[in-house]
Amino acid sequence: METFIPHAPVGPVSREVPAVGYVHGYSEREAARLGDQADVLAELLHSGTRYPDGSRVLEVGCGVGAQTRHLVGHSPGARLVAVDRSAQSLAIARARVAEHAPGALVEWRQADLFALPFDEGAFDHVFVCFVLEHLADPADALERLRRVLRPGGSLTVIEGDHGSVFFHPDSAPARAVIDCQARLQAAAGGDASLGRRLLPLLEAAGFTDARVRPRTVYADRTREWLRAGFTRDTFVAAIASVRDEALAAGLATPDEWDLGIEQLRLAAAGEGTFHYTFFKAVARRLER
Ligand SMILES: C[S@@+](CC[C@H](N)C(=O)[O-])C[C@H]1O[C@@H](n2cnc3c(N)ncnc32)[C@H](O)[C@@H]1O
């Protein structure tokens, strides 16, 4: 697959944006959105990720278990430890995995990835999805994940990049609402365009053999399931979910916001098309 070179974020970053927590929050709607996203993208994101029976695997930032269920589905014999700092998300994750994969070997732990309660070298593999893009110091996070890997163990990271978005019909108001979400994420310390930085981040954190590959979603009317599942119910839903925060931060007026969302929705209807690229990286901790 060819690598798409993302365009710059849309619009000038002029107004000061007050800091908020995790940009999408922890609501029931957000839990459902993460589940939709993981299910519709399961093959795209998880292909190539299989862990041997008996291997010790750590998933960091498991959230509501949206990826965890696919991890256990693809690697039913691995011994998975799933960590998140949110007790509320962990409870949902536990129930979700119990429902979809009863008997799965998962240990659930509430912990902060910057203070992981594990020994150095405790895991054969670490898996992280859509977490680094929300952190103020992803380089520090990667160093901490490297320490809990055994020498030679692998890290898999999947992150998005909002710079990779383009769609038809193109619309400046629609691009502006996407930019509002990216600015809110930046104000909370994150980077909605982190995907393109994975290779330098991994190398700076001391990983070896790092390779990053694009995983592209392109949806049009010939792939209605993807258009509904990804464009409408995942991407547009994620942008639409930050309306209150964007308005409170003065990033858009209610009319500007509503027009932008309305025009963005056209990418999932009629002759509309939508493109997004995720980046998936695999790297190893150096052998001793
Ligand atoms: C966008 S969600 C992604 C969840 C899941 N990986 C997925 O793909 O659906 C980010 C998750 O990272 C968790 N998180 C953020 N910072 C964290 C930290 N410092 N330690 C542990 N978890 C963290 C959040 O609580 C949230 O559940």
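Predicted model: local features only at pLDDT ≥ 70, side-chain atom pairs only at ≥ 80, totals over all residues.

Modeller: Helix α8 (residues 224-240) and helix α10 (residues 254-265) have axes that come within 11 Å and cross at roughly 170°. Axes here are lines fitted to C-alpha atoms, for helices over the stretch in contact, with angles running from 0 to 180 degrees between N-to-C directions. Helices (H or I, at least four residues) and strands (E, at least two) are DSSP runs, numbered from the N terminus. So α8 and α10 are roughly antiparallel to each other, a label used for angles over 145 degrees.

Who meets whom? On the α8 side you'll find Arg232, Val236, Ile239 and Ala240, and they meet Ile261, Leu264 and Arg265 in α10. Contact means that the C-beta atoms of two residues, placed from the backbone, lie within 7 Å. By class, this contact of α8 with α10 has five nonpolar, no polar and two charged residues. Ala, Val, Leu, Ile, Met, Phe, Trp, Tyr, Cys and Pro count as nonpolar, Asp, Glu, Lys and Arg as charged, and the others, Gly among them, as polar.

Residues are numbered from 1 along each chain as its sequence is written. The chain averages a pLDDT (the predictor's confidence in each residue, from 0 to 100) of 90, and 89% of the residues score at least 70. Over residues 1-16, though, pLDDT stays under 50.

Stepping back, the chain has 10 helices and eight strands. Of its 288 residues, 46% count as buried, meaning 20 or more other C-beta atoms lie within 10 Å of their own, while 12 or fewer makes a residue exposed.

Now for the ligand: 19 residues surround it, and the closest are Gly61, Gly63, Ala66, Arg85 and Leu113. To be near, a residue needs its C-beta atom, placed from the backbone, within 6 Å of the molecule. That shell divides into 10 nonpolar, six polar and three charged residues.

One last stop is Gly77, in the loop between α3 (68-74) and β2 (79-84). Gly77 counts as exposed because it has 11 C-beta neighbours inside 10 Å. Setting aside neighbours within four places in sequence, Gly77 is in contact with Asp53 and Gly54. The C-alpha atoms of Gly77 and Gly54 are separated by 5.9 Å, though the two sit 23 residues apart along the chain.

Terms used. Parallel < 35°, antiparallel > 145°, perpendicular 65-115°, else oblique.
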